[in-house]
Amino acid sequence: MIDSPTRQLADEHEFVLLVVGAMEAEAASIERTGRVHTERVMQMVDFTRNFTDGDHHTKEEDLLFPLLEERSASAGGTISVLLSEHGAARDCIRAIDTALPDADSADPERAAAARAVIAENLKLYAFLLPLHVGKEDTVLFPLTEELLSDREQEMLGEEFRRIATSPGAAETAERYHRMAHDLATAPAR
Ligand SMILES: [Fe+2]
Ligand SMILES: [Fe+2]
């Protein structure tokens, strides 16, 4: 029996939130120590780009949202808010990724500015994402269950499962699940 599409997305939210917690801890660490754990931040960028955006948000944006928009005009309002939050989250990650090479610059002013951008955007991401996930868990998922028939939910769940079982997908998901746990259980010092 395949999990419902909302169950599958809610399970992915757990991993997203593990990394969000690590991002918040890293921002606090940067502000406290004036150092960036470059390797960890690179993993956070990798995770958010490829798991959160590449996999999770793609399922939402390409499969779930269009289906709901087609079904109900009022769902369109909720979805445009959620889409703008996906965009804001991507902007944070882009800013972090751009600033990262300068965090260890020999020019102290340049390095301090890069560290401030990284900490600020990690904090902003860690503020935005739990609100976004909360909105999906409490508004989007009940709306999905209300607007889509059992058969439609089953078909969407099967489509998600097909993506998850495409060549290499299981290994990739496993790698990101492990990365999320590692980031969450080895807090930045
Ligand atoms: Fe989302
Ligand atoms: Fe989501």
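**Legends to the close-up views**

Of the 189 residues in the protein chain of this predicted model, 40% count as buried, where buried means under 20% relative accessible area, exposed over 50% and partly exposed in between, with a 1.4 Å probe and protein chains only. In this predicted model, local features need pLDDT of at least 70 and side-chain atom pairs count only at pLDDT 80 or more, whereas totals for chains, interfaces and linings use all residues. Residues are numbered from 1 along each chain as its sequence is written, and side-chain values use heavy atoms, with hydrogens and water left out.

**View 1. The helical fold of the protein chain.** The protein chain has 6 helices and 0 strands, which are DSSP runs (helices H or I, at least four residues; strands E, at least two) numbered from the N terminus. The radius of gyration, taken over C-alpha atoms, is 18 Å, close to the 16 Å that the globule rule (2.2 Å times the number of residues to the power 0.38) gives for 189 residues, so the chain is as compact as a globular protein of that length. Along its principal axes, the C-alpha trace spans about 60 × 35 × 20 Å.

View 2. The structure holds 15 salt bridges, each defined as a side-chain nitrogen of Lys or Arg within 4 Å of a carboxyl oxygen of Asp or Glu. One of them joins the side chains of Lys 123 and Glu 31, at 2.8 Å from N to O. This pair links distant parts of the chain, with Lys 123 in helix H4 (residues 108-147) and Glu 31 in helix H1 (residues 5-33), 92 residues apart. Lys 123 is partly exposed, with a relative accessible area of 41%.

View 3. Asp 53 and Arg 90 form a salt bridge in which the closest N and O atoms are 3.2 Å apart. Asp 53 belongs to helix H2 (residues 38-71) and Arg 90 to helix H3 (residues 73-99), so that distant parts of the chain, 37 residues apart, are linked. Asp 53 is buried at 15% relative accessible area, whereas Arg 90 counts as partly exposed at 28%.

View 4. The side chains of Glu 174 and Arg 178 meet in a salt bridge at 3.8 Å, N to O. Both residues lie in helix H6 (residues 169-185), 4 residues apart, about one turn of the helix. Glu 174 counts as partly exposed at 43% relative accessibility, and Arg 178 is likewise partly exposed, with a relative accessible area of 45%.

Definitions and conventions
Chains are lettered from A and ligands numbered from 1 in the order in which they are written.
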